[in-house]
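Hi,

Here is the structure I promised to pass on to you. Have a look at it first, and then read my notes below.

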Amino acid sequence: MTATSAPRTLYDKIFDDHIIDQQEDGTCLLYIDRHLVHEVTSPQAFEGLRMTGRKVHAPEKTLAVVDHNIQTTDRSKGIVEEESRIQVEALARNAKEFGVEYFNELDIRQGIVHIIGPEQGFTLPGTTIVCGDSHTSTHGAFGALAHGIGTSEVEHVLATQTLIQKKAKNMLVQVDGTLSPGVTAKDITLAIIGEIGTAGGTGSVIEYAGEAIRALSMEGRMTLCNMSIEGGARAGMVAPDEKAFAYLKGKPKAPHGAAWDEAMRYWQTLRSDEGAHFDRIVKLDANNLPPIVSWGTSPEDVISVAGSVPDPALIEDETKRTSKQRALDYMGLTAGTKMTDIPLDVVWIGSCTNGRIEDLRAAAKIVEGKTIASSLDYAMIVPGSGLVKQQAEAEGLDKIFIAAGFEWREPGCSMCLAMNPDQLKPGQRAASTSNRNFEGRQGFKGRTHLVSPQMAAAAALAGRFVDVRQLG
Amino acid sequence: MQPFTTLTSTPAPLKVINVDTDMIIPKQFLKTIKRTGLGTALFAEMRYKEDGSENPDFVLNQPAYRKSEILVAGDNFGCGSSREHAPWALLDFGIRCVISTSFADIFYSNCFKNGILPIVVSPEDLEKLFDDADRGSNATLTVDLEKQQITGPDGGTVTFNIDPFRKHCLMNGLDDIGLTLEKAPKIAAYEEKLKQRAWA
C-alpha cells in the first residue's frame with residue numbers, strides 16, 4: 001500500500017502493509033490479522049474487557065484453544081487438577097461470552113496453539129499473527145509476521161485488533177549446503193542459537209534463507225521459526241514458496257476458489273527484494289553440521305553430540321563464568337564428560353517445536369521393532385494436536401511406539417513447560433524435543449537436554465545420547 | 001497503572017545472566033486467573049528451599065534487600081516465555097525498576113504495561129551499579145525518569161535512553177487501549193480497505 005523504491009525485506013513489506021498510524025517517534029499502530037488465544041495468558045485480558053465494558057473487536061479473527069494446562073491422559077471425564085480446570089473453564093466461558101471460536105479438550109482439532117494455526121489454515125502468508133505465547137514465531141514459517149505478546153497486549157488486540165509496535169531490525173540467517181541424513185531443522189536452530197546467543201536476535205526479526213532452508217519441509221521450517229525466540233528474536237520468517245502454498249491449499253480456514261487465486265497473486269510477491277538491507281547477517285554451513293545436544297540451562301548452551309561438556313573456568317567474564325558454572329552444577333555434569341556418556345532417565349517427544357507428524361514419523365522409523373532402554377524411567381510421546389494423533393494412528397505409529405515401550409498420550413503442551421502432571425522429578429535427566437532447558441522448566445530441579453526427535457528416539461533405545469548419523 | 005516518576009531504593013544485585021521468565025515465576029503459579037498476589041511466587045525456585053523455607057543465600061532474602069524496589073541484573077534479563085506474570089510478580093513484590101545490559105523484547109514491553117521501568121545500561125555502568133548494590137543498605141540509587149538519569153550513592157550519575165512514547169505513557173500512567181481507541185476511525189478506515197482482500 002505504501003509505494004517505495006528502495007528495496008525492502010520481507011519483514012519490511014509485511015510491517016508496512018499493516019501500518020494504521022505512525023507517530024513522529026516511529027511508534028506505529030499495526031493491524032493484527034489473526035489472534036490465537038489459550039487458557040494461561042488470556043483470563044486477565046478477558047477480565048479487563050469485562051471491567052471496562054469492551055467487546056472483542058473482531059471475534060472472527062480470533063481462535064481459542066486449550067493446550068498448556070490439560071492432562072495428556074484420558075480427558076473424557078474433564079480436567080483433573082482443580083486450578084487447571086478453573087482456567088480451562090474460564091477460557092470456555094470467555095470464548096462463549098465474547099463470541100470467539102473455541103476448540104475444547106475433546107475436540108479433534110484441539111492441540112498446541114502453534115500446531116493448530118497452520119493445520120487449520122488460520123495461519124496465512126503476509127498476515128500479522130499474535131498470541132500470548134512466545135513461540136508464536138512458529139507461524140513465520142509461512143511468511144507471516146508472527147510473534148508473542150504479553151497479556152496486556154492480548155487485551156489490547158482483543159479490544160482493538162491492533163498492536164502498538166516499533167519497527168524491529170532486520171537480521172538475515174543464511175544457511176547454505178545440505179544437511180547430513182539424521183540432521184534436522186532442530187539442529188540448525190540449536191546451532192544458530194549457540195552461535196548468536198540467546199540475546200543475539202534481541203530487537204530483530206530474523207529471516208531465514210538459503211539452500212538448506214529451501215530444502216526444509218514446512219514442518220522443518222516451523223521448527224526453525226519456532227525457536228527464533230530462543231535466539232532473542234520475537235519473530236522469525238521464511239519467504240513463502242510452493243511448499244507453503246501446497247501445505248495450506250484446502251485447509252479449512254484457508255481461502256478457497258477465487259479468493260485463493262487472489263491471495264496467491266499477493267503471496268507470490270512476499271520475498272525480500274534484491275539488495276534489501278539487513279542490519280546483521282549470520283551464515284551457517286549445513287554441510288557437516290552435526291546433531292546438536294544442549295548441556296546447560298540456556299538454549300545457547302549447546303554442543304555437537306560428538307563433543308564434551310565444556311569447561312566454564314575458561315570463560316573470562318566473571319558473571320558469565322559463574323552463570324555457566326551454576327548451569328553445570330544444576331545439570332549435575334562435569335566439564336570434559338563426553339555427551340554420549342551421559343545416562344538419561346526420561347525421553348520426551350512432543351511440543352510446538354517437534355510435535356508434528358513428520359517428527360513422529362522420524363522417531364518411529366528409528367524405534368520400529370526395537371525397545372527402549374531398561375535403564376529409563378519412562379519415555380513418552382505427546383502428539384501436537386488431535387489431528388496429528390489421528391494421522392499417526394492411521395499410519396500405525398502409535399503401535400510402533402507402544403511396542404517399543406513408549407507411552408502414547410493425548411495432545412497438549414505437556415512436559416514442554418510441565419504445567420500439567422507431566423513433570424520431571426528433582427534430579428531426573430531428560431532428552432527432550434522441546435525448546436527450553438531452563439532451570440525447573442520441565443519440573444522442579446529436572447534436567448533437560450534439548451535434541452531433535454531423531455536424537456531423542458535414538459537416545460531412548462540406548463539410554464544415553466548416540467550420534468544418529470552412525471545408525472545404519 | 002501507577003505512574004513512574006522518581007524512585008529511591010537500595011538496589012538488589014542479581015548477578016546472573018539470561019534470567020528467564022521461568023526463573024522469575026515458575027509455571028505452577030501461572031494457573032491463576034488474576035494479576036495480583038504473585039509477589040510470594042517471585043523467583044520461587046531460587047528463593048525457597050524444597051521444604052518451603054527461605055533460602056538465606058538468595059539476594060531478596062537478605063535483610064538489606066527485602067524491601068528493594070530496584071533490581072540490578074545480568075545481561076538478557078527476562079528471556080523466554082511471554083508470561084506477563086513475570087512483571088506482575090516483580091510489581092507485587094515491590095520492584096518498580098530493573099537495570100541490566102539488555103532485556104528480552106517481550107518482557108521489556110510487558111514492563112511498561114505495568115508501571116515498571118526497565119533500564120538498559122552499558123556493561124561498565126552495570127559493573128558500577130553492581131558495586132553500589134553490593135554495599136547493601138549503605139547505598140541507595142535514585143532513578144529519575146524525567147531526566148533519564150540514575151544517581152548513585154556517591155553522587156555519580158548514569159544517563160539512559162528510553163523511547164519517548166513509552167516514557168510519556170509511564171510518567172502519566174496511561175492506558176494503551178484508551179489511547180488506541182482514540183484512533184478508532186483510522187482502524188475502521190484500514191478495515192474498509194481490507195475488505196478488498198477477500199482472503200484476508
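This is a predicted model: local features need pLDDT of at least 70, side-chain atom pairs count only at pLDDT 80 or more; totals for chains, interfaces and linings use all residues.

Helices (H or I, at least four residues) and strands (E, at least two) are DSSP runs, numbered from the N terminus.

Now to strand 10 (residues 204–209) of chain A: six of its six residues are buried, so this strand is largely enclosed by the rest of the structure. Buried means 20 or more other C-beta atoms within 10 Å of a residue's own, with C-beta atoms placed from the backbone. S204(A), I206(A) and Y208(A) cover one side, and V205(A), E207(A) and A209(A) the other. In a regular strand, side chains alternate between the two faces of the sheet.

Strand 10 of chain A has two parallel partners to look for. Strand 9 (residues 169–176) of chain A pairs with it over six bridges, and V173(A) stands opposite Y208(A). Strand 11 (residues 235–237) of chain A pairs with strand 10 of chain A over three bridges, with V205(A) opposite A235(A). Pairing needs at least two DSSP bridges.

Residues are numbered from 1 along each chain as its sequence is written, and chains are lettered from A and ligands numbered from 1 in the order written. Local features need pLDDT of at least 70 and side-chain atom pairs count only at pLDDT 80 or more, while totals for chains, interfaces and linings use all residues.

Happy exploring!

Conventions: A residue is buried if 20 or more other C-beta atoms lie within 10 Å of its own, exposed if 12 or fewer, and partly exposed in between; C-beta atoms are placed from the backbone.
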